[in-house]
Amino acid sequence: MKSLYKEKQAQEYIAKYPWIPPELALRIYTSHLIGQDTDLVLHGGGNTSVKSRIKNILGEELDVLYVKGSGWDLSNIEPQGFPALDLVYLKKLRDLSSLTDEEMVNQLRTHMMDSSSPDPSVEALLHAFLPHRFIDHTHADAILILTNQPEPEKKIREALGDSIAILPYIMPGFPLAKAVAEAYEKNPGAEAMVLIKHGLFTFANDAKTSYEKTIEYVDRAEKYIHKMVGSKSLVHATQKTVSLDISKTARVCQVIRGALAHRNEADRLCRCVLEVRNTPDLIEASQSKEALDLCSTGVLTPDHIIRTKNNAVWIDSIPEQDASLREYVHSKIEGFKAQYDKYFEAHTKLKGLQGKKRRLDPYPRVFLVAGVGMISAGLTRKEALIAADIAEHTLRAKLKAFAMGKYQSLPETDLFDMEYWVLEQKKLGQSRPLPLQGQVALITGGAGAIAFGVAEKLLSSGAIVVLTDISLDRLEKAKTKLAQKYGKLQVETLKMDVTNLKSVQETFEKISLKLGGIDIVVPNAGIAHVEELEHLSQESLQKVMDVNFTGVFTTIKVAADLFRRQGTGGNIIVNSSKNVFAPSESFGAYSVSKAAAHQLSKIAAMELSKISVRVNMINADAIFGNEEIPSGLWQEIGPERMKARGLSADELKNYYRDRNLLKTEVLAEHVGNAVVFFATEQTPTTGSTLPVDGGIPAAFPR
């Protein structure tokens, strides 16, 4: 590991933040260097601080501690992510013999310089009690490998030397803060501290030295591990690794995702998002003799337990038949849940907490699947990615620990304390989930105006949206706009040809590998052709039928297979048309193709009800879009319609507005509202037709 500190960059940070003390700007710089190295910290892990002097509103100079705020990530932390606290007061707290977590939080909150700042790190007192100006705390993989060995002190000394202090594992908070301060005072020459199972602290009176001590000691640990492991094989394969089978992996993801779906206390069906990691070394590990131990030997550091649970599930084989695969995966998850219940009951009884702690959900977060690699799960995509990153680092660290000797995690009693620590659970957030959180929606014809409006409404309701189309350029334009508003993790795009069954199948598989599966399918792709029947060629009719009818058929057909594997129901919402009930002259190819797809959807509603899948239709009329995201259909037929009626573009819009009963313009967002209504299952409805047309009497469903 090498230092990335550059004096020019350090000065650029000082220039970037002229309104804050220079030492805080340097603290931000080295925090970024630490946070952007995933071998040091992951997803909000670790913390940093700096001591400074500021003037209050009265012009009085005060000694303050700037410490990382809760919820901030070192990789992108900004000045507001470092709340300032009254350092003189915090130091006085060390004289107390004890301090509850609740009172510690109260003391920190009431001695901040700015009440709008985030909560300080739970280790703020540790940073306050040490005398150094700059303090860095990391969960470096190499350090944790050493601390998760039997007799870790011996290996730590061999690797890092004598200029460090070593402390046993102590729960974060006031007791740890006092213990660290006492340890330093007994060994004032110490350059760093290693906390068993918890990580590395380095400190100095300047940012560069503190950061580079972190790099130096982690580098020593890495070199020691490399020396100990040598040329040993990290895994011993039980079978030859073959190239990844995409279809098999997609099946496994769909089944796992379905098995993880569960109803919460509010009787809401909670679905998970999955993340697949299938690098060659992970696939090799998934079918190795070490696989079971990788899953059953616990987390690297207790901070990880709220993200990954303590253990993973090993799926050691993949049955060829879907029924057998579902039975096997469900049995594995039920076994994990039973063990988790025993763990919870045993430790609440041991600690006298029966009836005082609410059990967290007992579902696994990480799977090692033979021949596939690693799969993680989360109630949101962000949670799934965090779990995957942590589990991937953990797996690789464990393999090195195995090769060195033996991996030994913390006892369950300590892990339970961390998992059920109120201050740790705060990291997960307590916000009320949006109605479609955890659901994945696929929209065909995703580059057009209606798809954009539907996507916006699904995204605002919490769904992840996958837009598909045959035009990647137009798709990317839509994705960029949506991602700017809803976040890049919430929007995906894939090229798909709805007229080609293989293309649809491959796209559903790609989505399953990327997200785990699909819950909401919106067949929306459509084209039009304007011509009277006597002049309409068979080729033109077939082209429209291929997209508008066959495209709906292929999408529903492939979706049915996926929904059956997931076993959690689902929603298919077909963008039908007002023309189904009220066809237009010279619009025969479009009207008949939409009517055929509409009838097909009714049949699908009857057939798929057996697996709790609802199929409903939306009959919209005359949605034009805008200059940024226009309607492809109206771009095609608009000029002819304007010519036939002798109207300008604006006059044509007014014509369609004025012909409906409500005299209103129908927008893509209105279709989106209808899709969300069906997707949120607010009524027990399937096989229905919902007009979104302002009221066209000839198109009333009957």
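Visitor: Are helix 21 and helix 22 roughly parallel or oblique to each other?
Guide: In this predicted model, helix 21 and helix 22 (residues 588–608) pack with their axes 8 Å apart. The angle between them is about 15 degrees. Angles under 35 degrees count as roughly parallel. Helix 21 and helix 22 are therefore roughly parallel.

Visitor: What is the handedness of the crossing of helix 21 and helix 22?
Guide: The two axes pack at an angle of about 15 degrees. The crossing of helix 21 and helix 22 is right-handed.

Visitor: How many nonpolar residues are in the contact of helix 21 with helix 22?
Guide: From helix 21, the residues that meet helix 22 include L541, V544, F549 and I556. From helix 22, they include A589, V592, L600 and L608. By class, the contact of helix 21 with helix 22 has 3 polar and 1 charged residues, and the nonpolar ones number 16.

Visitor: Are helix 20 and helix 21 oblique or roughly parallel to each other?
Guide: Helix 20 spans residues 501–515 and helix 21 spans residues 538–566. Their axes come within 9 Å and cross at roughly 40 degrees. Angles under 35 degrees count as roughly parallel and 65 to 115 as roughly perpendicular. Helix 20 and helix 21 are therefore oblique.

Visitor: Which residues of helix 21 make the contact with helix 20?
Guide: The crossing of helix 20 and helix 21 is right-handed. On the helix 20 side, the contact is made by L501, V504, Q505, F508 and S512. By class, this contact has 6 nonpolar, 4 polar and 1 charged residues. On the helix 21 side, the residues are T554, T555, K557, V558, A559 and L562.

Visitor: How many charged residues are in the contact of helix 10 with helix 21?
Guide: Helix 10 (residues 246–260) and helix 21 pack at about 50 degrees, with axes 7 Å apart. They are therefore oblique to each other. R251, Q254, V255, R257 and G258 of helix 10 touch L562, R565 and Q566 of helix 21. The contact divides into 2 nonpolar and 3 polar residues, with the charged ones numbering 3.

Visitor: How many cavities of 30 Å³ or more does the count give?
Guide: About 210 Å³ of space lies in the largest cavity. With the cut-off at 30 Å³ or more, the number of cavities is 3.

Visitor: Which helix supplies the largest share of the lining of the largest cavity?
Guide: The largest cavity is lined by 19 residues, and L294, A312, V366, A391 and T394 lie nearest its centre. Helix 12 (291–296), strand 12 (366–369) and helix 15 (381–404) each supply at least two lining residues. By class, the lining has 11 nonpolar, 6 polar and 2 charged residues. The largest share, 5 residues, comes from helix 15.

Visitor: How many charged residues are in the lining of the second largest cavity?
Guide: The lining of the second largest cavity includes A622, F624, Y656 and V666. Also among its lining residues are D621, K653, R657 and E665. By class, this lining has 4 nonpolar and 2 polar residues, and the charged ones number 4.

Methods
Residues numbered from 1 in each chain as written. Predicted model: local features only at pLDDT ≥ 70, side-chain atom pairs only at ≥ 80, totals over all residues. Heavy atoms only, no water. 1 Å grid on protein atoms, 1.4 Å probe; cavity = no way out; pocket = protein on both sides within 12 Å on 5 of 7 lines; lining within 4 Å. Points joined across faces, edges and corners; volume = space filled by probe spheres on them. Helix = DSSP H or I, 4+ residues; strand = E, 2+ residues; numbered from the N terminus. Nonpolar A, V, L, I, M, F, W, Y, C, P; charged D, E, K, R; others polar. Axes fitted to C-alpha atoms, helices over the stretch in contact; angles between N-to-C directions. Parallel < 35°, antiparallel > 145°, perpendicular 65-115°, else oblique. Left-handed = near helix turned anticlockwise from the far one by under 90°. Contact = heavy atoms within 4.5 Å.
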